[in-house]
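Here are some notes on the model, arranged from the overall fold down to single residues. Please read them alongside the coordinates.

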Amino acid sequence: MVRAIVGANWGDEGKGKITDMLAAESDIVVRFQGGANAGHTIINPYGKFALHLLPSGVFYEHVTSVIGNGVALNIPYLIEEIQSIVDKGVPRPHILVSDRAQILMPYHVDLDTYEEARLAGKSFGSTRSGIAPFYSDKYAKIGFQVSELFGDEADLREHVEKVCLLKNVLLEHLYHKPLLDPDEMMKLLASYREMIRPYVCDVSAYLHDALKEGQQVLLEGQLGSLKDPDHGIYPMVTSSHTLAGYGAIGAGVPPYEIKNVTVVVKAYSSAVGAGAFVSEIFGEEAQELRDRGGDGGEYGATTGRPRRMGWFDAVATRYGVRVQGGTEVALTVLDVLGYLDEIPMCVGYDIDGVITRDFPPTARLSHAKPVYKIMPGWKCDIRGIRTYEELPQACRAYIEAIEEEIGVPIRLVSNGPGRDDIIRRD
Ligand code: GDP
């Protein structure tokens, strides 16, 4: 059975925590898209971790952690991340990397950085991890696949020269930066070959066999629905598909094997990067929610950037859950809202005087104004509560209002950052 754990919103919903928790009952956890550009914060008996590239199952000795072909593979970053968790006392994880994954190169990071600088005030708010140039190259068919490192040297050299020729035009004439040298790039790729050699595997075949044996596979998504390049707030999106459906492609499993789609929904909103954010709040109100949010404030796990904050947006979340094909919802960070007397919930968008509950494409989204319903707060700390019935009535009313808005059962309620801070609702 395959279960996907994906985000309904703009990312940072707490997927890492839910994956870390559900990995206990799984055999394999797969990252199927994205790269080291976003972080999953996990708090478990080993300590606090911000994982960027490793799947959130790496803390269990029985779990095999897989980097699927859909991931932007930054090889030195992966090796450092493995070492960093081992240095903190985690048993060395069992890791497999798809031979069809493509390699994120240093020039992708440079080009991302140069382009953000060139766009200045009109930038996308990229984390400058090279993600957009990486995926552009993948679809322009000039990316390096892991398998090439183990293929014919002359073919690799030819590929390297072609890439240098193309990139150097941009580097010289658009960005006025140092050029790429084919000899240096060959040396770099040779070093990558040795770093990645122990992990390389035909992941799709491995997963196929595992599923035949009845193993439990988790697909872990990065970011959320609204950052998907097709279904999100294009162009303020990421460059790989954040939807569970893409898990079939980015991991190499049959789509019909994905039986369960656990969509992680945040009890309030946060977003990084530019783009429309209808229920965004500002000033002191936003700062208070930011400082109280997550496990130590809503600041980027990769960049430390303050996240943009807002109230729960039922319009965006209903859409986000729908495009994921959610079969159940995990509602996270609910404990954070315990300080509020009243909790606004965005239940509609006013677009040029017309109220809608349907999430519009970007061109209309920029005109949307939030329509709020005000919910009573519960004014207490709900951390430590383990059963749904023990939650304050106003808190249950908030959960049930969200459930009614999104139309998919909320089966997990997360009321703290730790692995055990969870209420199951069957
Ligand atoms: P991901 O990218 O979706 O894995 O999300 P993040 O790593 O950005 O997680 C969001 C933050 O919320 C992290 O700091 C988590 O430790 C924290 N977190 C997750 N679930 C909860 C929760 O239920 N309550 C609180 N207070 N923090 C949580």
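1. Two residues are taken to be in contact if their C-beta atoms, placed from the backbone, lie within 7 Å. On that basis, among contacts in the protein between residues at least 6 apart in sequence, 76% join residues at least 24 apart. The model is a predicted one, and every value in these notes should be read with that in mind.

2. As to the overall form, the secondary structure comes to 13 helices and 21 strands. The radius of gyration is 22 Å, close to the 22 Å that the globule rule gives for 426 residues, so the protein is as compact as a globular protein of that length. The C-alpha trace spans about 70 × 50 × 40 Å along its principal axes, and 49% of the 426 residues count as buried.

3. The largest nonpolar core has 116 residues, and those with the most contacts inside this core are V30, L73, L219, V329 and L331. Helix α11 (residues 314-324) supplies the largest share of the core, namely 6 residues. Because domain 1 (2-87 + 204-266 + 313-334 + 382-424) and domain 2 (102-198) both give residues to this core, it lies between them.

4. One of the core residues with the most contacts is V329, and its surroundings can be listed in detail. Once its neighbours within four places in sequence are left aside, V329 is in contact with V263, V265 and V321, and also with I406, V408, P409, I410 and R411.

5. After α4 comes K141, whose phi is positive, near 65°.

6. Is S26, a loop residue, buried or exposed? S26 is found in the loop between α1 (15-22) and β2 (28-31), yet there are 21 other C-beta atoms within 10 Å, and because the cut-off for a buried residue is 20 or more, S26 counts as buried. Not counting residues up to four places away in sequence, S26 touches G57, V63, Q216, V217 and L218. S26 and M1, which are 25 residues apart in sequence, are 9.7 Å apart in space, C-alpha to C-alpha.

Notes
Residues are numbered from 1 along each chain as its sequence is written. This is a predicted model: local features need pLDDT of at least 70, side-chain atom pairs count only at pLDDT 80 or more; totals for chains, interfaces and linings use all residues. A nonpolar core is a set of buried Ala, Val, Leu, Ile, Met, Phe, Trp, Tyr and Cys residues joined through C-beta atoms within 7 Å. A residue is buried if 20 or more other C-beta atoms lie within 10 Å of its own, exposed if 12 or fewer, and partly exposed in between; C-beta atoms are placed from the backbone. Helices (H or I, at least four residues) and strands (E, at least two) are DSSP runs, numbered from the N terminus. Domain bounds come from an automatic or database domain assignment. The radius of gyration is taken over C-alpha atoms; the globule rule is 2.2 Å times the number of residues to the power 0.38.
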